[in-house]
Amino acid sequence: MAAGERAAEPPAELSHYVVARPIYSAAAFQEQHERRPPPPPALRQRVQAACSCSKKKAFGIAKSFLPILDWLPGYRLKEWLVSDIISGVSTGLVATLQGLAYALLVSVPVGYGLYSAFFPILTYFFLGTSRHISVGPFPVVSLMVGSVVLSMAPDDDFLIDSSNATGANDTELLIDTDSRDAQRVLIASTLTFLVGILQVVFGVLQIGFIVRYLADPLVGGFTTAAAFQVFVSQLKIVLNVSTQNYNGVLSIIYTLIEIFERIGTTNIADLIAGLLTIFVCMVVKEINDRFKHKIPIPIPIEVIVTIVATGISYAANLKEKYNAGVVGTIPSGFLPPAPPAVGMFSQMIASSFSISIVAYAIAVSVGKVYATKYDYAIDGNQEFIAFGISNIFSGAFSCFVATTALSRTAVQESTGGKTQVAGIISAGIVLIAIVALGKLLEPLQKSVLAAVVIANLKGMFMQVFDVPRLWRQNKVDAIIWVFTCIASIILGLDLGLLAGLLFGLLTVVLRVQFPSWGGFGNIPGTDIYRKVKEYKNVIEPEGVKILRFSSPLFYANIDGLKSSLKSTVGFDAVKVYNKRLKALRKIQKLIKKGKLKATKNGIISEPGINNEAFEPDEEPEDNEDLQVPTKEVEIQVDWNSELPVKVNVPKVPIHSLIFDLGAVSFLDIVAVKSIRTDFLWLVSESFINITPFIFKHHSEIIREFERIDVRVYFASYQDNLISQLEQSAFFDDIARKDMFFLTVHDAVLYIRNQMAYSDNQDPIFEKISLMQESKEPIEFTETSGPDNELDVQEEAMRRLAS
């Protein structure tokens, strides 16, 4: 069958099924099919398994920590080497230019961007589980590092008196750029070291799952906001406009305001170079995307533009003639490793936490895309360790935080890269630039590098068009996207990410606290149950209400459960109880006065006597009296018919209620107590008032159930719920396992059979609570009188006298 074609419909006789089985309650099913949960391994077995060692286990541990041992022995030298070399050269050229450009985001000299594009690859080659990602700087992470650098080392901290610097009598303040740059490099490398430590800790503690809380809408809104922040930070470089280094809340707004205030100082040479670079890069990138199937290797437009711009700047001497901002001195070779400034850890711990999570999330997200495409797996916890060690190692060599860049990884994969051999070759190209080519790039205009950064933001800006699609698919996800984006722009990337994460978790809590619910009914002739309000052919079983609450039950949504239950059964349980008790009070008074008689057949009025019970229902309800326990007399009262007293008692037409637990995954102790007391009371036609007396005497609840012949059942439970209820001592003589059924249909059939059986028996007199002064229950006796009557009050007095 071709892909996309619909399978042929089976014959009509094969599209139905018939099942014959017993009606299963939890107790019956457990008795017939004994549940045998696997016993947890003994402590000795677990210790023995953890401490045992074999050659195979040792090699497995070594491969998990050094994934290169897994893929390198199977490397296809003849098939893959040429592709990896071509990919490595192409990726290395792009990485060199992006390293220079992203250093501007970190606010450190551009030469340190080359170090950041080189050192992380060396360790990831051995420790990483992704075969395709290109490790190095990424604009969002670089900007987050830059915000920490600027906050801890602003220009104002390095102002010096020009007279001291030049020996002149002028008192103009200048910035000590050498001291400032050295301090910023130290801050960036120390932050990188701390981020690496956190990532290693996260990996060792096996908490790679933390990235799951960064949902796609949240990441989309955050990266779009970060792209906007990157654009603003690079805009002033393209214009060559000097501004203050703002940081924190509304910093991007202040920066934009100052840029437009100083727009008149724009350097035309830098502006033209930047605009041309943006235009050319975006056009060629579009060509690469549209004709990627025809072009074997994407055109490395960033490299071409950089070479041309460097040549033009050198030939035209743009720095001297037009005061253009150029890269300047790029040191050749490497700096010796240096320890981090441990004393700064306390100032940057909060930012390092968010940077470590974002850097990891970006790398793993990109890595999983290519792992799925090429059918291999990525170990999230090992990726934490790999990037952590890479950042610790590179932090010692004055680098800033490494992750992966989408555009650079796309180049590595599209040019034929098969493994991290392409990554190590790209590191070799960066090494050549560090050792030999740095001097040649000194005339390059900074506006060209900033324009390269802006041109690479297109993909992140295009995420804005995801919002209409998200709104159509899921409005909550769309709101998360917009909220995170706006919060990250206004509050800054670190606080914006935290705000977006908390807002996303809040939406989850609200969706659990206020879930969907509804009354269910049966589709005739099937065992299928659907919402009554949403399907036209659904019928509620007579006298039965079915409630489905689509959420775990815990302390935050118990009130929502009670509210939905009231709406489903159609009455307020407390009011029903109060009205019934008020009616019973009036009936008691009339019996004492001789106005009414209580017999087996019901309550009758004395002939010829005015029934004073039919008085206006103006007596206030005294809830305090409801806490007094009552004695019982067997008489017959139909609460759904007209009563001999003028009290408006709401009709309760149900005799059973089924609570569908199919969507309930867990219960907390508050929910267990509520179901055992509040819930059972609530569905019992409100015949019991929840008071301290009732909480202490649970037997009152089931006796009131029996009086009104309303039963509560639970259906579609999961086994773990039964275990939780057992651990919470839920089951006893009141709450029994035979109240729980495997499916809703089992419960409905059981109720139907019970009602059919009871209809064939002698009627059982309903018990009602009647305040009596006697201390013993009163029994009915048969008398041979014409009216076959029994004066209940006289009988009670005779018992007291005896």
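Predicted model: local features only at pLDDT ≥ 70, side-chain atom pairs only at ≥ 80, totals over all residues.
Leu547 has Phe659 in strand β11 as its bridge partner. Residues are numbered from 1 along each chain as its sequence is written, and side-chain values use heavy atoms, with hydrogens and water left out.

**Strands around β11**

- Helices (H or I, at least four residues) and strands (E, at least two) are DSSP runs, numbered from the N terminus.
- Two strands pair if DSSP finds at least two bridges between them.
- β11 is covered on both faces, with Ser656, Ile658 and Asp660 buried on one side and Leu657 and Phe659 buried on the other.
- Strand β7 (residues 544-549) pairs with β11 in the parallel sense, over five bridges.
- Strand β12 (residues 711-715) also runs parallel to β11, and five bridges join the two.
- Asp660 has Ala715 as its bridge partner in β12.

**On to β5 and β6**

- β7 pairs with strand β5 (residues 517-522) as well, in the antiparallel sense and over four bridges.
- Phe520 has Ile546 as its bridge partner in β7, and Lys531 as its bridge partner in β6.
- Three bridges join β5 to strand β6 (residues 529-531), and these two run antiparallel.
- The hairpin of β5 and β6 has six residues between the strands, and Gly525 takes a positive phi near 85° there.

**Aromatic rings**

- The structure holds 27 aromatic pairs; rings of Phe, Tyr and Trp (its six-membered ring) pair if their centres lie within 6.5 Å, and planes under 30 degrees apart count as stacked, over 60 as edge-to-face and the rest as tilted.
- One of them is Tyr112 with Tyr115, an edge-to-face pair at 5.6 Å centre to centre with 90° between the planes.
- Tyr112 and Tyr115 are three residues apart in helix α6 (residues 111-127), so about one helical turn separates them.
- An α-helix has 3.6 residues a turn, so residues three or four places apart point the same way.
- Both tyrosines count as buried, Tyr112 at 16% relative accessibility and Tyr115 at 3%.
- Phe118 and Phe119 make an edge-to-face pair too, because their ring centres are 5.1 Å apart and their planes sit at 75°.
- Phe118 is buried with a relative accessible area of 9%, and Phe119 is buried with 6%.
- Ring pairs link Tyr112, Tyr115, Phe118, Phe119, Phe334, Phe393 and Phe397 into a cluster.

**Charges over rings**

- A charge sits over a ring if NZ of Lys or CZ of Arg is within 6 Å of the ring centre and within 35 degrees of the ring normal.
- Arg131 has its charged end over the ring of Tyr376, 4.7 Å from the centre.
- Lys737 does likewise with Phe731, its charged end 5.6 Å from the ring centre.

**Helix α17**

- In helix α17 (residues 406-414), the buried residues are Arg408, Thr409, Val411, Gln412 and Glu413.
- Those buried residues pack against α5 (77-106), β1 (135-136), α15 (345-373), β4 (403-404) and α18 (421-437), with contact meaning heavy atoms within 4.5 Å.
- After α17 comes Gly416, whose phi is positive, near 105°.

Notes
Buried < 20%, exposed > 50% of the residue type's maximum accessible area, 1.4 Å probe, protein only.
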